[in-house]
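Visitor: Could you take me on a close look at one part of this model, the place where the two chains meet? I would like one connected account.

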2 protein chains.
Amino acid sequence: MTYALINRLTAKPGRRDEVVANLLDSGASFADDDACLLYLVAESTEGGDAIWVVDLWTSEERHAEALQGDDVRSVVKDTLAMLEGPPEQFVIRPRGGKHPEG
Amino acid sequence: MTYALINRLTAKPGRRDEVVANLLDSGASFADDDACLLYLVAESTEGGDAIWVVDLWTSEERHAEALQGDDVRSVVKDTLAMLEGPPEQFVIRPRGGKHPEG
């Protein structure tokens, strides 16, 4: 079943661009992963250090697998240290609209 | 320039499914609108009445135009009346990842 997440991260002051770079780096392999339907990394336009990541995957298991590589885990660990606190994570169930489908 | 939004809506108790149906109805025309890159309507998996809508458009102007039809405006008005309050709207700037591009 499709697995979807919205994540809200708050970078420590001045570290937003580093966090964004890490998120793009850690997700680089998703481009060739057919289980990843959407991985949208974005920042707030209102200034501040808010970062949003929207994930849409073919299943929760495939998402978990994609995060298991040593490289990815290392980058994720570094990234967490640049945040004000744990990411807020909202698990959501797609109901429709216009989006990539697996 | 790409225009992206994350919207968090809270339906009045018991009205979540009606709100979701209206959101899908009001967005039906987006399927054939090449300015709409993503329109993801989803509900929280944790119960409650939270609904999330993620929008990605080729420009803010094209998004505004898509909401101007009388049919869409009527449905949007009805939908707002089924919410606990105004939608929370987060305007975001995509930085990368894997997502539809215009």
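**Where chain A meets chain B**

Guide: Across the interface of chain A and chain B, the rule finds 6 salt bridges, each a side-chain nitrogen of Lys or Arg within 4 Å of a carboxyl oxygen of Asp or Glu. In one salt bridge, the side chain of R95(A) meets that of D17(B) at 3.3 Å, N to O. Bear in mind that the model is predicted: local features need pLDDT of at least 70 and side-chain atom pairs pLDDT 80 or more, while totals for chains, interfaces and linings use all residues. Residues are numbered from 1 along each chain as its sequence is written, chains are lettered from A in the order in which they are written, and side-chain values use heavy atoms, leaving out hydrogens and water.

In contact (heavy atoms within 4.5 Å) are 32 residues of chain A and 32 residues of chain B. Between them the chains bury about 3,100 Å², 60% of it on carbon and sulfur atoms; buried area is the accessible area (1.4 Å probe) that two parts lose on being put together, summed over both.
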